[in-house]
Amino acid sequence: MTSTYRVKQAGMALGARLAGAALLLAGLGLIAWNERRVMDYTAALARHGAPVLDLGAAGRPGAGQYGSLTRVSGMPQIVDAPRDAEFGVRAESPILIRHVEMFQWREITVGGNTHYELDWVDRPIDASEFAKPAGHVNPGHFPIQGRQFEAGEVKLGNFKLSEPILRAFPGRVAVPPDEKALPANLAATFQRAGDALVTSNKPANPRLGDLRISWEAVPLQAMTVLARIDGDTLVPAATANGGSGFDVQVGERSLLDVLPALPEPPQAVLPIRLASFLLAVLGAWLLALTSRLQRDVLFAIGIGAVVVPAVAGVMWLGGDAMAASVWLLFAVLGAGLAIWRVQQRTAPA
């Protein structure tokens with residue numbers, strides 16, 4: 001009976017050791033596979049160009065970010081709104097645009113037949129170039145010019161946006177003028193017609209030389225911007241192929257939407273790291289069942305914290321010294337815990 005019991009105990013101990021070794025190796029293999037795919041992804045990003053930070057809406061300017069590409073998204077914040085002070089028009093928008101048109105003669109030729117009609121045109125038309133200029137003379141120079149007004153400061157998330165990026169914002173909405181905000185000299189000249197100001201006494205029947213002024217603004221809407229970080233500002237990145245150096249898209253877009261050429265980021269990196277650590281801890285706990293450290297959870301944790309970070313740290317040594325240092329620091333702490341538990345369990349009572 002005793003010999004049978006001893007054989008059974010020896011078989012159970014061997015089984016525990018084999019299971020422990022298998023779990024420990026599984027943990028090491030899992031962390032090696034996980035860190036390899038993270039390293040491959042990092043290398044793929046580096047081949048793309050500058051580092052790409054996916055900051056989204058919550059990202060903030062920080063040390064070490066200068067020169068990096070980043071994706072920032074959210075609703076733009078107008079800190080200093082654009083204003084057409086001459087006409088008292090203001091808009092909560094990145095850009096305000098003043099359009100000026102004059103009622104002029106236009107020459108239209110269709111099928112060899114030329115005729116003339118009066119219409120609103122946003123540039124002076126030189127009637128001397130007409131086939132029949134007589135009776136179709138235009139006033140010439142516009143007394144008021146069209147202009148574009150840009151916000152003094154616009155932020156997306158916690159970053160300011162540079163002018164080239166603001167000018168790329170898409171979409172236009174009409175901005176109606178406020179007649180009460182007109183200076184006295186302009187109020188005597190202009191009257192409102194729809195969303196515009198006109199010099200016509202009868203807006204429905206304008207005369208040659210009448211002016212029509214209207215305003216448009218870029219609508220406020222959720223945006224996604226990919227650009228280079230320069231301090232607390234997003235600016236275009238330097239490009240060798242003559243590109244714009246940035247990208248602007250409407251709505252909340254993922255990094256892969258903005259840069260489809262990027263590789264897919266590895267999924268569940270942190271859960272897999274935790275799983276590999278737990279496998280190593282369980283394996284160490286089973287291996288220690290036949291020693292003086294049996295059922296010592298802290299010892300098993302220490303061993304798991306040695307072997308898993310050590311493997312990861314060695315893998316990162318050739319690519320990222322900082323990451324390697326962090327992993328190896330965890331390994332040293334794990335070794336300290338394991339040594340302390342060995343000393344506690346083997347010390348004489």
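Modeller: Leaving out residues up to four places away in sequence, S73 touches G56, A57, L156, M223, T224 and E252 (contact means heavy atoms within 4.5 Å). Before we go on, please note that this is a predicted model, in which local features need pLDDT of at least 70 and side-chain atom pairs count only at pLDDT 80 or more, while totals for chains, interfaces and linings use all residues. Numbering starts from 1 along each chain as its sequence is written, and side-chain values use heavy atoms, with hydrogens and water left out.

S73 lies in strand β2; helices (H or I, at least four residues) and strands (E, at least two) are DSSP runs, numbered from the N terminus. S73 counts as buried because its relative accessibility is 2%. Here buried means under 20% relative accessible area, exposed over 50%, and partly exposed in between, using a 1.4 Å probe and protein chains only.

The side chain of S73 makes a polar contact with the side chain of E252 at 2.8 Å, and another with the side chain of R71 at 3.4 Å. A polar contact is a pair of N or O atoms within 3.5 Å; within protein, one must be able to donate a hydrogen and the other to accept it, and residues adjacent in sequence count only if both atoms are side-chain atoms.

R71 takes us to the next link. Its side chain meets that of D54 in a salt bridge, 2.4 Å from N to O (a side-chain nitrogen of Lys or Arg within 4 Å of a carboxyl oxygen of Asp or Glu). This pair joins distant parts of the chain, with R71 in strand β2 (residues 69–74) and D54 in strand β1 (residues 52–56), 17 residues apart. R71 is buried, at a relative accessible area of 11%, whereas D54 is partly exposed, at 44%. Side chains of opposite charge can pair when their charged atoms come close.

The structure holds 15 salt bridges, so let me show you two others. E163 and R167 pair at 2.8 Å, N to O; both lie in helix α2 (residues 163–167), four residues apart, about one turn of the helix. E163 is partly exposed at 42%, and R167 is partly exposed at 46%.

D296 forms a salt bridge with R341, with the closest N and O atoms 3.0 Å apart. This pair also links distant parts of the chain: D296 sits in the loop between α5 (269–287) and α6 (297–316), and R341 in helix α7 (residues 321–346), 45 residues apart. D296 is buried at 5%, and R341 is buried at 14%. Elsewhere, salt bridges that share partners join D84, E86 and R98 into one network.

D320 caps the N-terminal end of α7, with a side-chain oxygen 3.1 Å from the backbone nitrogen of M322. Among the buried residues of α7 are A324, W327 and R341.
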